[in-house]
Every structure is written in structure tokens, then in C-alpha cells.
Amino acid sequence: MAKLALFIPLLTACLMATVARAQHNPHWWGNRNTIVHLFEWKWSDIANECENFLAPQGYAGVQVSPVNENIISAGRPWWERYQPISYKLITRSGNELDFASMVRRCNDVGVRIYVDVLLNHMSGDFEGTAVGTGGSVAEPSKKSFPAVPYTAADFHPSCDITDWNDRFQVQQCELVGLKDLDQGNNWVRTQLIAFLDHLIQLGVAGFRVDAAKHMAASDLKFIYDNVRDLNTDHGFPNNARAFIFQEVIDHGHETVSREEYNQLGAVTEFRFSEEIGKAFRGHNTLKWLQSWGTAWGFLPSEQALTFVDNHDNQRDSGEVLNYKSPKQYKMATAFHLAYPYGISRVMSSFGFDDRDQAPPQDASENIISPQFDVEGACTNGWICEHRWRQIYNMVGFKNAVRGTGLSNWWDNGDNQVAFCRGSKGFIAFNNNNYDLNETLQTCLPAGTYCDVISGAKLNGACAGKSVTVDGNGYAHISIGANEFDGVLALHADAKL
Ligand code: LM2
Ligand code: CA
């Protein structure tokens, strides 16, 4: 009995320490909320973007493409960056100096950097000697990566993943033929920890862990636990831990499930992406979204990294939406950012016609910088969804309503829905093929508000629809079926 009495407080103390060490805090600055994935962007362009666009528009952070040296693949498909050859920070996005300068400049304006890290594997087979983006050489078919160095002993024996419900295969065989590192091996662990430490020293706030499902959760825990605290020279508090979000594709009923990883950090919630695409494509009725979140089988909000599409599933056919269906995509994104669920990530793409297509590049295969038109939209091959007014204004909406709950859900029993976020925000959607014309409760204080979807408040005037809210919070809301956008959004910061 006495032993037990001692044991319980001790256990509680241990549990509390675990919770405190868990890596779920994204370290956002101020009231910011949203991460943008600037897929394949160069570091110097991201630095400019942090200063000129992301900070002013209230973006909280950037997920950047892999930073360490990768194999050069013919035609330069985007996916060559998922085939590492060393941990030198040199890719087509820039070198270590460029990277360090970007992190500094972004942190200086309160925009955090999260790095896409490849801990599962090195490159796949390559005929002859492979050359990396930093000039390192390797013989992948012999599992020889002298620039690390790694030899065959550092990898799992080769085998193919044929049964996705066989834990051994999923975690120890080769994902699409990529040489599979043994994270149980001390030397491998040391290299991976040193790589992550290096990035933290340079000021990053956290990591997107690629192919997390293909590594044992216990090995990942060891690695995360042994990585240093965030760098206080970049404005992080003492003892702050890196934010971790792990790529685990779990459609339900998988042998290796997201529940093995969500204690260690956040997990990508792929079901969110699939269901939101299905709903806004018209394959599910919007009224059902009233119970959006854990009732749909999604992870608890603070453990779920949510997105409408990511760089992989935007290339697949199926229910997932992408920039090619702009009206539905903007509606889904507005819902994503308005509904109080998840750690939101917005995708920013380059245009593609086929899956393997390289990012915009010049004749010497250098990635080219995005260019912007007078309205700030990208022109030369970059899509820049994050610069679409309807999307960045919803990032502003999410910031303006932070800390409020959802109330006053309204729907027409079909594909017209609306709801309030406390007394700070109101949003309505029309995905029916007839007009929405209703007097609805907006929960906002009386006044005139500017719809941030059809326009924006600029120098005190509204370039889009103006909505007048009466003394009881009611307003007439109208979204025509054939309007350019199927959303209307009002918030406290858009009061005229
Ligand atoms: C991921 N998450 O777990 C990334 O999000 C995803 O983009 C990566 O695949 C994958 N895991 C490995 O990091 C991409 C791409 C694949 C590509 C790999 C490696 O989707 O198509 O595979 O990167 O570059 C390519 C070829 C494939 C070949 C493989 C190895 O498409 O046919 O397999 O390289 O040479 C023999
Ligand atoms: Ca593995």
C-alpha cells in the first residue's frame, strides 16, 4: 500500500513530463494560425515571401520542401527531392547560407519554418554512380552513400511492400524501392538526430516527418526525444520542443495506425482531405458537415494536421480537390479555415499536366522564381493558391476568430449552410444550383461588414459585397448559384 501511494504521484509526475515534452505546439506567433506549403520554392523566394506577403497577411508558418541533398533525376521531377543522398543542405532551392538566411528573415517577421524531413530512406536504385545536387556521389544499388557515410549495414535487407497490412513489410521493406534505413541502428540514429539538430540550430520551428508510418513509432520516439530544444536566438522560449507533424496515411482499419504516432506529435489527417473534397464536389450533402471533426472519425483537433490537398494527393484522381476546380476548391478551403477543427495547412502548388512534371525551371534546369501580376497573383507556372484573395482572406478570418467556438449552424437541409464563430465571424456557403437568399443570424455586432471573399476592406471602403447587420445580429445574405464564388465571409476586422 505504502509503495503504491509513492508510485501514484511518481507516475503522475512522469505523465505530466511526457505531456510537457510532447511535440504538438507549432510555436505560432501572435494570433496566427495557418501553415502554407510552399512546394518547391527557392529559399530566397520564401524569405521575400515571408516579408512581403505571408507576415502582412497573417500566415503563421511555411512548410518547405526537403532541404538536404538529393539525387539528380533525368528531367528533374519534383519527386527527386524525396531521394536523399546526404545531409548537406544543398538542393535546387538553395544552399545552407540561403537556407539559414531564409529562416532568420522569416522568424524576424514572425513566420515559422517547418522542414519536410526524410528519415525513412535514402534514394532508390540508380544505374551507375548517382550524383547529388551538391556534387556528392553514391551507389544506391550497393546501399553505399559515402557522403554521410552509410553502408549496407545501415539499411534493412531489401524487400518489396506487397501487403500494406503487414507491419514488417510496411516498416522494414522498401517504399517504392527506396533504400530503407534501419532506425534501430545506433549510427543511423546518430546521423538523423544530428541532421535535425543542425536544422534546429538554424532556427526552424519543427518538422514534417515524411513516411512516418514506415518507421517504428518507438524508433521515432527515441529520435525525437534526443533532438535539442528550439533555438532561443530565434525567439523561441527556453525548453521549447520542435513541432512534429507526421505523415501517416490512415484511411481506417490499417495495421499501422495513426494512433501509434499521435502521442509523439501531430499526424496528417488524410480522412479530412478526402471527406472535404467529397462534400464540395457534391458527392456528400453540406448539411452533414454540421458534425465535422472527431464525429467523422478524425483525430482530436490539436493532433490533426489538416489540408484540402497535399503535394501527393493533388496529383491523384479521386475525391480530393485541387486548384484545377477553383470554385469548389476555394469553398472547401474556406470551410477548412472557418470551421474550428485542426492545425491548418494550405497548399501552394506549381501548375502540372502530368504527375512527374518538374517545377517551373529554366533551360539550365534552375528553378525559376515566381513572378506576380498587378493583383499579386503568380504568373509564370506557379499557382500560388496562398495568394488567391479568397484563400488569404480566410487565413485572416481564422486569425480574427481565434478562440471562439462555432454556433448558430444553419442549413437549408441540402447544400446551403452557414455558421457563426462567436461574435467575431460569420460564414455562408452555397453549393446548390439555386440561389441562397436568406435572413440569417450572423452573431456580429450591428454595423456594415465587407465580405472578404468577393472583395476586401481597403482604405475603409469595401471592394466586394457589403452586408448590413441589424441590432439583433440578423442580416440578409445572398449568394447566387452562378456567382464567381460560392462563399460569403464576414469578420470583426472587416467591419466598415
Ligand atoms: C512520401 N510520404 O510518405 C512523400 O510525400 C511522397 O511524395 C514520396 O514519393 C514518398 N513518401 C517517398 O518519400 C515521391 C513520389 C514517388 C517517387 C518518390 C521517390 O510520389 O513517385 O518515386 O517520391 O522519388 C520515384 C518513382 C518510382 C521509383 C522511385 C525510386 O516514381 O517509380 O520506384 O522513385 O526510384 C522504383
Ligand atoms: Ca522503413
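A quick word on the ground rules: residues are numbered from 1 along each chain as its sequence is written, chains are lettered from A and ligands numbered from 1 in the order in which they are written, and side-chain values use heavy atoms, with hydrogens and water left out. In this predicted model, local features need pLDDT of at least 70 and side-chain atom pairs count only at pLDDT 80 or more, while totals for chains, interfaces and linings use all residues.

**View 1. The largest nonpolar core.** This core holds 130 residues, and Ile46, Phe99, Phe207, Phe280 and Phe429 touch the most other members. Domain 1 (14–268 + 350–383) and domain 2 (406–494) both give residues to the core, so it lies between them. (A nonpolar core is a set of buried Ala, Val, Leu, Ile, Met, Phe, Trp, Tyr and Cys residues joined through side-chain atoms within 4.5 Å; buried means under 20% relative accessible area, exposed over 50%, and partly exposed in between, with a 1.4 Å probe and protein chains only.) In soluble globular proteins, nonpolar side chains tend to be buried together.

View 2. Which residues does Phe280 contact, leaving aside its neighbours within four places in sequence? They are Leu286, Leu289, Leu321, Gln328, Met331, Ala332, Phe335, Phe429 and Asn431, where contact means heavy atoms within 4.5 Å. There is also a second, separate core of 17 residues, and its members include Trp410, Cys420, Ala475 and Leu490.

View 3. Thr34 sits in the loop between helix H1 (2–21) and strand S1 (35–38). (Helices, H or I with at least four residues, and strands, E with at least two, are DSSP runs numbered from the N terminus.) Thr34 is buried, with a relative accessible area of 0%. Val111 is in the loop between H3 and strand S3 (112–117), and Val111 counts as buried at 0% relative accessibility. Beyond four places in sequence, Val111 touches Tyr59, Ala60 and Gly61, among others. Now look from Val111 to Asp125: they are 14 residues apart in sequence and 38 Å apart in space, C-alpha to C-alpha.

**View 4. A nonpolar patch on the surface.** Ile72, Val131 and Val137 form this patch, with about 190 Å² of accessible area together. (Patches are made of residues with over 30% relative accessible area and no salt bridge; like charges are joined within 9 Å and nonpolar side chains, meaning Val, Leu, Ile, Met, Phe, Trp and Tyr, within 5 Å. Accessible areas come from the Shrake-Rupley method with a 1.4 Å probe, and for residues only the protein chains shown count as cover.) Ile72 belongs to the loop between strand S2 (61–64) and helix H3 (96–108).

**View 5. A salt bridge between Arg208 and Asp116.** The structure has 21 salt bridges, each a side-chain nitrogen of Lys or Arg within 4 Å of a carboxyl oxygen of Asp or Glu. In this one, the side chains of Arg208 and Asp116 meet at 2.7 Å, N to O. The pair links distant parts of the chain: Arg208 is in strand S6 (residues 206–209) and Asp116 in strand S3, 92 residues apart. Are these two buried or exposed? Arg208 counts as buried at 1% relative accessibility, and Asp116 counts as buried at 0%.

**View 6. Salt bridges with partly exposed partners.** Asp225 and Lys221 meet in a salt bridge (2.7 Å, N to O). Both lie in helix H6 (residues 217–225), 4 residues apart, about one turn of the helix. Asp225 is partly exposed at 39% relative accessible area, and Lys221 is partly exposed at 37%. Another salt bridge joins Asp356 and Arg355, with the closest N and O atoms 3.7 Å apart.

View 7. Most residues other than glycine have a negative phi, and most peptide bonds are trans. The peptide bond from Val148 to Pro149 is cis, with omega near 0 degrees. Glu365 has a positive phi near 65 degrees, and Cys443 has a positive phi of about 70 degrees.

How values were computed. Domains from an automatic or database assignment.
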